[in-house]
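Have the sequence and the 3D view open as you read.

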Amino acid sequence: MSEYLNSTEEQQFNEAKNWFKQNGTPILLAICLVSGATFGWNYWKKHQVEVAQSTSATYQQVMESYLQDPNKNAPLVEKFITENKGSYVTFAQLEQAKQLAAKGDFNAVKTLLEQALTTTDDTTLHNVIRFRLANVEYQLKNFDAALSVLSNLKDKAWELRKQILTGDILLAKGDKDAAKSAYEQAKANAKAEEQLLIDVRLNNL
C-alpha cells in the first residue's frame with residue numbers, strides 16, 4: 001500500500017512538474033499582471049483621492065482670498081484654473097462669473113460660462129451653466145441665442161425655470177402670444193407660491 005502511494009505521489013509530482021514547465025510561465029505572467037493591475041488600480045485610486053483632497057484644499061484657500069478682494073486676488077483664481085482641471089475649476093469659473101455679473105460685465109460672464117462648459121463633464125453643472133448662460137444672453141439682448149441655449153437644457157428639474165425664462169425672452173422679443181403660452185405652461189407645473197409670480201407676469205402682458 002505504501003509503495004503504491006509513494007509511486008502515485010511521485011507520478012503526480014512529476015506530472016505536475018511537467019505541466020508547470022509547460023504552463024508555469026504563462027500562469028506566473030498572468031499572476032504578475034493581475035497583481036500588478038490590482039496594485040496599479042489601488043495606487044491610482046489612492047493617488048486620485050490625494051489629488052482631489054489637495055485640489056479641494058487649494059480651491060478653498062484661493063476662493064477665500066478671492067472673495068475678500070476679487071480685484072486684487074483675481075490672478076490667484078486664474079492660476080488655479082490654469083494648473084488644475086475638473087469640477088473645482090468649473091466652480092472657480094462660476095464664482096468668477098458671479099462676481100463679474102454683479103458688476104454688469106455680461107460679455108465677460110458669457111465668455112467665462114462658455115469656457116466652463118468645456119471644463120467639466122458633469123451633467124448637473126452643465127445644466128447650471130446653460131441656464132446662467134441663457135440668462136446672460138437675455139441680458140445682452142441676444143434673444144435667439146438665449147432660446148437656443150435653453151433648448152439644450154433637457155433636465156425636467158429645470159423645466160419650470162426654463163419655461164419662465166423662455167416667456168421673459170419671448171416677451172422681450174415682442175411676441176406676447178408666445179410669451180403668454182410659455183407662462184401658462186409654467187403655471188401649470190408650478191406650486192401655489194410660484195403661480196403668484198407667474199400671474200404677475202401674465203397680468204402685465
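Start with the surface: the protein exposes about 13600 Å², and carbon and sulfur atoms supply 54% of it. Accessible areas here come from the Shrake-Rupley method with a 1.4 Å probe, and for residues only the protein chains shown count as cover.

A quick word on the ground rules. This is a predicted model, in which local features need pLDDT of at least 70 and side-chain atom pairs count only at pLDDT 80 or more, while totals for chains, interfaces and linings use all residues. Residues are numbered from 1 along each chain as its sequence is written, and side-chain values use heavy atoms, with hydrogens and water left out.

## The overall plan

What is the chain built from? It has nine helices and zero strands, giving the pattern α-α-α-α-α-α-α-α-α along the sequence. Helices (H or I, at least four residues) and strands (E, at least two) are DSSP runs, numbered from the N terminus.

Of the 205 residues in the protein, 28% are buried. Buried means under 20% relative accessible area, exposed means over 50%, and partly exposed is in between (1.4 Å probe, protein chains only). As for contacts (heavy atoms within 4.5 Å), take those between residues at least 6 apart in sequence: 42% of them join residues at least 24 apart.

| Residue | Relative accessible area | Class |
|---|---|---|
| Tyr59 | 13% | buried |
| Tyr88 | 26% | partly exposed |
| Lys141 | 62% | exposed |
| Gln163 | 10% | buried |
| Ile198 | 0% | buried |
| Thr123 | 56% | exposed |

## Into the core

In soluble globular proteins, nonpolar side chains tend to be buried together. A nonpolar core is a set of buried Ala, Val, Leu, Ile, Met, Phe, Trp, Tyr and Cys residues joined through side-chain atoms within 4.5 Å. The largest one here has 21 residues, and Leu113, Phe131, Leu150, Leu165 and Ile169 touch the most other members. Helix H3 (87–102), helix H4 (106–116), helix H5 (123–139), helix H6 (143–151) and helix H7 (159–173) each supply at least two residues of this core. H5 gives the most to it, with seven residues.

Now zoom in on Phe131. Leaving out residues up to four places away in sequence, Phe131 touches Leu150, Leu153, Trp158, Arg161, Lys162 and Leu165. Apart from this core lies another, of ten residues, among them Tyr183, Ala190, Ile198 and Leu202.

Ile198 lies in helix H9 (residues 192–203). Not counting residues up to four places away in sequence, Ile198 touches Leu160, Ile164, Tyr183, Ala186, Lys187 and Ala190. Gln163, in helix H7, is buried too, at 10% relative accessibility. With the sequence neighbours up to four places away left out, Gln163 touches Ala182, Gln185, Ala186 and Asn189.

## One side of H6

Which residues of H6 are buried? They are Phe143, Ala146, Val149 and Leu150. These four cover an arc of only 120 degrees around the axis, so they sit on the same side of H6. The arc is that of the directions from the helix axis to the C-beta atoms. An α-helix has 3.6 residues a turn, so residues three or four places apart point the same way. The buried residues of H6 pack against H5 and H7.

## Rings and a charge

Rings of Phe, Tyr and Trp (its six-membered ring) pair if their centres lie within 6.5 Å; planes under 30 degrees apart count as stacked, over 60 as edge-to-face and the rest as tilted. By this rule there are six aromatic pairs. In one of them, the rings of Tyr59 and Tyr88 have centres 5.3 Å apart and planes at 50 degrees, so the pair is tilted. This pair links distant parts of the chain: Tyr59 is in helix H1 (residues 2–68) and Tyr88 in helix H3, 29 residues apart. Ring pairs also link Tyr59, Phe80, Tyr88 and Phe91 into a cluster.

Finally, there's a charge over a ring (NZ of Lys or CZ of Arg within 6 Å of the ring centre and within 35 degrees of the ring normal). Arg161 lies over the face of Trp158, at 4.0 Å from the ring centre.
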